[in-house]
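Subject: Handover of a structure and the findings on it

Dear colleague,

Please find the structure below, handed over for your own work. The findings follow directly after it.

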Amino acid sequence: MSDQVPAPRPPGRPAKYQTQREGLLLLAGIVGLMWLLEVVNTLDSNRLDSDGIWARSLGHLWGIFTAPFLHVSFQHLISNTVPFVFMGVIIALHGARRLALVTLIVLVVGGLGTWLIAPSHSVTVGASGLVFGYATYLLVRGLFDRSALEVLVGIVVGVVWGGALISSVVPHYGISWQGHVSGAIGGVVAAYALRRERPSPTGEGRGTTTAAGALPS
């Protein structure tokens, strides 16, 4: 009599699930930090709003690292949280390291751009720069990686959020279009910096090795 045994689990699947889990946990941690800070900010009469990006102030240059986690109200936070989570999940499924690198690149490039071109005597806070960075990263990464699936994901992101994103770069009082545009540039930079290297036509070298600082999808 023959015995039945469970089919072997495909190799690498547990590692893939662990990578995705770590990415999602990091995303949850970022969102949780934003909400915690907004609670503190509300209880403290919104004093944390002064820790944002002060245009061209060397003394407040560090604000590029704190501004994305601060919001002027819960309404502002909610409006950023929804697209941030939607796009962040897609990136987080490639792991915590990928999410951290994309976030850091967008934060630095977008933050410096905002610091340089925002109106004088203005302070910019909010995660919308990161949202724009995530969006453009997802929109263009398929072109740099030459991946049809990633291009399709970018099209879905464009269909779902394209209209809202485009309208947000039109100047409105109290809205930092400079932060949106700078964040979008940061997303393109991140997609290029983290692109997959293509195998050498001659077969020389390691072939599937990624560029310095890049991660395989």
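The largest nonpolar core has 31 residues, and among these M34, F84, M87, I91, V102, Y134 and Y137 touch the most other members. A nonpolar core here is a set of buried Ala, Val, Leu, Ile, Met, Phe, Trp, Tyr and Cys residues joined through side-chain atoms within 4.5 Å. Buried stands for a relative accessible area under 20%, exposed for over 50%, and partly exposed for what lies in between, with a 1.4 Å probe and protein chains only. Two or more residues of this core come from each of helix 1, helix 3, helix 4, helix 5 (128-145), helix 6 and helix 7. Helix 5 gives the largest share, eight residues. As a general remark, nonpolar side chains tend to be buried together in soluble globular proteins.

On the basis of these values: the model is predicted, so local features need pLDDT of at least 70 and side-chain atom pairs count only at pLDDT 80 or more, while totals for chains, interfaces and linings use all residues. Residues are numbered from 1 along each chain as its sequence is written, and side-chain values use heavy atoms, with hydrogens and water left out.

Contact means heavy atoms within 4.5 Å.

Overall architecture

The protein has seven helices and two strands. Helices (H or I, at least four residues) and strands (E, at least two) are DSSP runs, numbered from the N terminus. The order of the elements from the N terminus is α-β-α-α-α-β-α-α-α. Of the 217 residues, 40% count as buried. Among contacts with a separation of 6 or more, 75% are between residues 24 or more positions apart.

Aromatic pairs

The count of aromatic pairs comes to four. Rings of Phe, Tyr and Trp (its six-membered ring) pair if their centres lie within 6.5 Å; planes under 30 degrees apart are stacked, over 60 edge-to-face, and the rest tilted. One of the pairs is W35 with F74, which is tilted, at 5.8 Å centre to centre and 35 degrees between the planes. This pair links W35 in helix 1 (residues 13-43) to F74 in helix 3 (residues 74-92), 39 residues apart. W35 is partly exposed at 32% relative accessible area, and F74 is partly exposed at 30%.

Another pair, F86 with W161, is edge-to-face, at 5.8 Å centre to centre and 65 degrees between the planes. Here F86 belongs to helix 3 and W161 to helix 6 (residues 148-167), 75 residues apart. F86 is partly exposed, with a relative accessible area of 32%, whereas W161 counts as buried at 18%.

Charged groups

One salt bridge is counted, the term meaning a side-chain nitrogen of Lys or Arg within 4 Å of a carboxyl oxygen of Asp or Glu. R196 forms this salt bridge with E150, and the closest N and O atoms are 3.6 Å apart. R196 lies in the segment after helix 7 (177-193) and E150 in helix 6, so the pair ties together parts that are 46 residues apart in sequence. R196 is partly exposed at 23% relative accessible area, while E150 is buried at 5%.

R195 lies over the face of Y192, 4.0 Å from the ring centre. For this, NZ of Lys or CZ of Arg must be within 6 Å of the ring centre and within 35 degrees of the ring normal.

S182 lies in helix 7 and is buried, with a relative accessible area of 6%. A polar atom of the S182 side chain lies 3.3 Å from the backbone nitrogen of T114. Such a polar contact is a pair of N or O atoms within 3.5 Å; within protein, one must be able to donate a hydrogen and the other to accept it, and residues adjacent in sequence count only if both atoms are side-chain atoms. Beyond its neighbours within four places in sequence, S182 is in contact with V109, G110, G113, T114 and I117.

S122 sits in the loop between helix 4 (96-117) and strand 2 (123-124) and is buried at 18%. A polar atom of its side chain is 2.5 Å from the backbone oxygen of P119. S122 also touches I53, W54 and A55, not counting residues up to four places away in sequence.

Kind regards
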